[in-house]
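Work through the exercises below with the model in view. Try each task before reading its solution.

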Amino acid sequence: MKLLLACFFSLLALGPVYGASSVLPFIDAHSQFDEDIRPDQVIKYLARAGVTQVVLSTRGKVSPSTFLGIGATYPDCIVPSVRTKGRAYDENEPGYYKQLNEQVSQRAFKAMSEIILAHAPKGDRAREVYLEADTPQVQAAIRQAITKGWPVVLHYEFRWLTKAYGAEARAKRMEELTSLLSRYPQHPFALIHMAQLDADDAAGLLAAHANVVFLTSHANPVKVSESSQPWTDMFVGEDLSPDWTALILRYPDRFIFAVDNVWPEDWSEKYVRQVTFWRQALGKLPDDVAHAVAHGNAERLWKLPAATVGKGCAARM
């Protein structure tokens, strides 16, 4: 941590390199919706937030065919992502593999959504999931993503699993993660929700594994303040904290903006507020770093067209 802070403050001493980018195009690299959310509501708040594209997946009862129809209506806005989550996935039922293969076979899908390995129960809205990486359903999704050339998005909640299962379980699951990263060193693995890690743990992974990247979903005061879950908060007040700033400056190609909306109430002004936090914070970083985190890294890893302010979803105002 001392090294990271030293790096941060030495960069500050170089001069006024911050504030060069007050307007940024944004790509949300992971969000979701279900049958209780109208597509026009999704588009409305993407537009209000100035988000150009969203890598979007479904949950609940939205069928793949319905989803692709929505995606076809907004092709410059929605990047359809293959769904994995659900009871069939949790319980390794045949229906999971059928749905996975059907989605992957359709060229309209351009990404694989999060693969859940350690997920705390969220009241009566989402059940606990605790699956090891070598289970068949997890391996099937990883193989498909690698075959398609899509980033593998892994869902670990390390703070929660430490509390629920203990330090030994945490160490075992961290070893599992690093083993995956080492097994596929040329393939990108994205950790959603910052994997509920502190900056020191993230620094260790970034230094040891060139193929790990972090998705910033839930890692802001808007989400943290409303939740009882131990999400990583990358902010102090309205600014990125010094330790996270140092890491982003050191590894600008390894952080990717994402929100991960889930529930109907998420597609609201709350979404706009989260994007605004990031827009203001990234606007204080060097211009090239801000653009990399806001959209450039997502474009590179998901092979997306270049984002332009006011285009895509943002043009739907």
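**Exercise 1.** Decide whether T147 is buried or exposed.

*Solution.* T147 has a relative accessible area of 64%. Exposed means over 50%, and buried under 20%, with a 1.4 Å probe and protein chains only. T147 is therefore exposed. Last, follow its side chain, which reaches the backbone oxygen of R143 at 2.8 Å.

This is a predicted model, where local features need pLDDT of at least 70, side-chain atom pairs count only at pLDDT 80 or more, and totals for chains, interfaces and linings use all residues. Residues are numbered from 1 along each chain as its sequence is written, and side-chain values use heavy atoms, without hydrogens and water.

**Exercise 2.** Find the side chains that make polar contacts with the side chain of D28.

*Solution.* Start in strand β1, residues 26–33, where D28 is found. D28 is buried and has no salt bridge (a side-chain nitrogen of Lys or Arg within 4 Å of a carboxyl oxygen of Asp or Glu). The nearest side chain of opposite charge is R279, 11 Å away. Now turn to polar partners. The side chain of S31 is joined to that of D28 by a polar contact of 2.7 Å. The side chain of Y271 makes another, at 2.9 Å. Such a contact is a pair of N or O atoms within 3.5 Å; within protein, one must be able to donate a hydrogen and the other to accept it, and residues adjacent in sequence count only if both atoms are side-chain atoms.

Methods: Helix = DSSP H or I, 4+ residues; strand = E, 2+ residues; numbered from the N terminus. Lys, Arg positive; Asp, Glu negative; His and termini not counted.
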